[in-house]
Amino acid sequence: MEFTVSKADLVRELGLSQGVVEKKATLPVLSNVLLEAADDRIMISATDLELSIRCTAPAQVKTPGGGTVPAKKLLDYVRLLPDSDIHFRFSDTHWASITCGRSKTRIAGMPRESYPELPEMPEPAGQLPVGLLASMISRTIFAIAAEESRFTLNGALLLMKPDTLTMVATDGHRLALVEHPNPLGASGEHRALIPRKALMELTRLAGETEEEIYRMLGLVWIPPELRENRGEIEAAMRGELPVLVELRDIQGDLHLHANWSDGTATLEAMAEAARARGYAYIAVTDHSATLGVAGGLSVESLREQWAEIDRLNERLRPFRILKGAEVDILADGSLGYPDEVLAQLEYVAVSVHSGFHQSRERMTQRILRALENPYVHTLNHPTGRLLGKREPYEVDLEAVLQAAAARGICVEIDGAPDRLDLDDLWARRAKEMGCLLVVDSDAHSVPALEGVRYGVAVARRGWLEKKDILNTRPLAELLAWLQRRRALARPGGR
Ligand SMILES: [Zn+2]
Ligand SMILES: [Zn+2]
């Protein structure tokens, strides 16, 4: 026998047979699969004498024939091969020579004649949707008897009638029965006792198509992040599931620090790394001077940074570094830079970095006052929590988000792994209230730019779509948005 088959086809079909092949076979040949080549395909068969599986894959057959090889050994080897065609040749002494590119190996097989005869596969009575079958199995399999002595109870009974499909299982103490309208319609009556191993195998085969199971329930597939029983099933039934934001939707990072303040990398290195990630822009948001601990920038240093940004932008065009800052919200709600400086910044994010122990009332008033400043674009990490280190400060977040929504100020999901703030529930609430969100990294080093990934994960759990997030917009749209907000700040603009 000699044939050529594609690796992808072979791996897929061999994978299906692995559950059937006996691990500790009493009959050594049962740990083999039977390969048979004829016409333009190969047939792969496996059996444990109780359960058999037969799959086919397209192949170019040079010499028809058959042979057997150890199933697990074959799959393990084939998986390692490059994605390409694999050539098989079986010798008269039952060795299989396997060639793929420059890889060549030989596996000892056994003659086809020693492989048990598989039962004839009867004509199918019809095709059931895999999801329907999987759901019926999952609702009965637990009641199947485990004791081998009760042979007839070691499986479930499938009963097909013209209008109903029934599956029953019992172990003598409990009984599970599931009934469903027969989607095949009238096709005579069939009954079969299906052993537990076959049911498990069918479930495993069905597991590859989760979508089918949802479809069977009349639903579209629900992304795992939404499976929290927070209205996702109702939304799916109404066809109103969100199309969740993805990492690749993020066009730029609006929160990162260079070594001008407490970052470890140069602005140039941060910009280069952001560009290498495929971003179109970043906003560098070093701290304002009031934050002593983080080496905040005086207005003078800020102007020096702007000169460097202009130079870098010249060189990195069309990539764009925005002149930004993460400006402290001081204890009384005033900001770390005067308005005339804020007016010259292209992107202004504000955040609380000190005085965490104010009363809820004072903290809320403090942040609300900061949001009244017309130059503010975004409220960063709105609860100030540091996971495992610091609880969120006391604040009426509902009131803060309401104000942000009313004033058109964005709120941030900070991707730094110890912040992840807003969390998923508040992010969803912010969206419901009409806030636009920003998802970014708060990176203080080049590797930390990767944090945006965690921010996106939180956003997805918060039902956010691409359109809910400012920095999914292309540069031109982002600039237009930032400028529109600025227009409101001008006298007479409000
Ligand atoms: Zn911060
Ligand atoms: Zn920061």
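Predicted model: local features only at pLDDT ≥ 70, side-chain atom pairs only at ≥ 80, totals over all residues.
Let me begin with helix α13, which spans residues 452–461; helices here are DSSP runs of H or I with at least four residues, strands are runs of E with at least two, and both are numbered from the N terminus. Its buried residues are Val452, Gly455, Val456, Val458, Ala459 and Arg460, where buried means under 20% relative accessible area, exposed means over 50%, and partly exposed lies in between, with a 1.4 Å probe and protein chains only. The cover over these residues includes β18 (410–414), α12 (424–432) and β19 (437–440). Just after α13, Trp463 adopts a positive phi of about 65°.

Residues are numbered from 1 along each chain as its sequence is written, chains are lettered from A and ligands numbered from 1 in the order in which they are written, and side-chain values use heavy atoms, with hydrogens and water left out.

I stay for a moment with the loop between β18 and α12. Leu420 lies in this loop, and its phi is near 45°, a positive value in a residue other than glycine. At 18% relative accessibility, Leu420 counts as buried. Leu422 is found in the loop as well, and a cis peptide bond, with omega about 5°, joins Asp421 to Leu422. A further cis peptide bond links Arg317 and Pro318, with omega about 10°; Pro318 sits in the loop between α8 (299–316) and β15.

Next, His255, in strand β13 (residues 252–256). With a relative accessible area of 0%, His255 is buried. Which side chains does His255 meet in polar contact? One is that of Asn380, at 3.2 Å, and another is that of Asp442, at 2.8 Å. A polar contact is a pair of N or O atoms within 3.5 Å; within protein, one must be able to donate a hydrogen and the other to accept it, and residues adjacent in sequence count only if both atoms are side-chain atoms. Leaving aside neighbours within four places in sequence, the residues in contact with His255 (heavy atoms within 4.5 Å) include Glu326, His381, Glu412, Asp414 and Asp440.

Tyr337 occupies the loop between β15 (320–328) and α9 (339–344). Tyr337 is buried, at 4% relative accessible area. A polar atom of its side chain lies 2.7 Å from the backbone oxygen of Leu297. Beyond four places in sequence, Tyr337 touches residues including His287, Val299, Leu302, Val327 and Leu342.

Finally, the domains. The protein is divided into domain 1 (2–114), domain 2 (130–218) and domain 3 (247–489), with bounds from an automatic or database domain assignment. The centres of domain 1 and domain 2, taken over C-alpha atoms, are 30 Å apart. Each of these two domains gives 8 residues to the contact. Together they bury about 650 Å², 60% of it on carbon and sulfur atoms; buried area is the accessible area (1.4 Å probe) that two parts lose on being put together, summed over both. Leu16, Glu50 and Leu51 supply 61% of the area that domain 1 buries against domain 2, more than any other three residues.

How many salt bridges does the rule find across the interface of domain 1 and domain 2? The number is 1, a salt bridge being a side-chain nitrogen of Lys or Arg within 4 Å of a carboxyl oxygen of Asp or Glu. The side chains of Asp48 and Lys197 form a salt bridge at 2.6 Å, N to O.
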